[in-house]
Amino acid sequence: MKTDALAVRPEVQTELVTEATQLQAAMSSIREYVIRDELKFNAAGDLLKKAKARWGELEVLRTSITKPINEALRAANALFKPAQDPYVLIEGVLKSKIAEF
């Protein structure tokens, strides 16, 4: 995983890799899980709640990293847009005139 440019602590990176590996192993058990009684039904509901909660925790962490990056990207694009847009128009006009020739 290439994360050199991200401000993520190495232990968080290790935790995420470990979690992903463990989840891959758990998926076969989850796919084979059969609900035949109330106990299994309740257990499945509890697992679902835990899974959704963890997904939410990871989403908060992910967006804490990506939000500033996305904001910086929008700012950079906004900075260059006024200078680049006229070149797009120039290109269109010149291509049209060349095609007319």
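Okay, some housekeeping. What we have is a predicted model, where local features need pLDDT of at least 70, side-chain atom pairs count only at pLDDT 80 or more, and totals for chains, interfaces and linings use all residues. Residues are numbered from 1 along each chain as its sequence is written, and side-chain values use heavy atoms, with hydrogens and water left out.

So, the overall picture. The chain has 2 helices and 0 strands; these are DSSP runs, H or I of at least four residues for helices and E of at least two for strands, numbered from the N terminus. How does the radius of gyration sit against a compact globule of 101 residues? The globule would come in near 13 Å, but our chain has 25 Å. That radius is taken over C-alpha atoms, and the globule rule is 2.2 Å times the number of residues to the power 0.38. If you put a box around the C-alpha atoms along the principal axes, you get roughly 80 × 35 × 20 Å.

The chain exposes about 9100 Å², and carbon and sulfur atoms supply 65% of that. Those areas come from Shrake-Rupley with a 1.4 Å probe, and for residues only the protein chains shown count as cover.

On to charges. There are 15 positive and 14 negative ones, and their mean positions are 2 Å apart. Lys and Arg count as positive, Asp and Glu as negative, while His and the chain ends are not counted. Each charge is placed at NZ of Lys, CZ of Arg, CG of Asp or CD of Glu.

Side chains of opposite charge can pair when their charged atoms come close. A salt bridge here is a side-chain nitrogen of Lys or Arg within 4 Å of a carboxyl oxygen of Asp or Glu, and the count is 7.

Which pair links distant parts of the chain? Have a look at Arg54 and Glu19, which meet in a salt bridge at 2.6 Å, N to O. Arg54 is in helix α2, residues 38-100, and Glu19 is in helix α1, residues 10-32, so to speak 35 residues apart. Glu19 counts as buried at 15% relative accessibility, whereas Arg54 is partly exposed at 25%.

Then there's Lys81 with Asp85, a salt bridge at 2.9 Å, N to O. Both lie in helix α2, 4 residues apart, about one turn of the helix. Lys81 is partly exposed at 47%, and so is Asp85, at 33%.

One more pair: Glu11 bridges to Arg9, with the closest N and O atoms 2.7 Å apart. Glu11 is partly exposed at 46%, and Arg9 is exposed at 51%.

Last stop, the nonpolar surface. Tyr87, Ile90, Leu94 and Ile98 form a nonpolar patch with about 470 Å² of accessible area together. Patch residues need over 30% relative accessible area and no salt bridge; nonpolar side chains (Val, Leu, Ile, Met, Phe, Trp, Tyr) are joined within 5 Å, like charges within 9 Å. Ile98 is in helix α2 and counts as exposed at 64%. Lys95 is in helix α2 too, exposed at 52%.

Conventions:
Buried means under 20% relative accessible area, exposed over 50%, partly exposed in between (1.4 Å probe, protein chains only).
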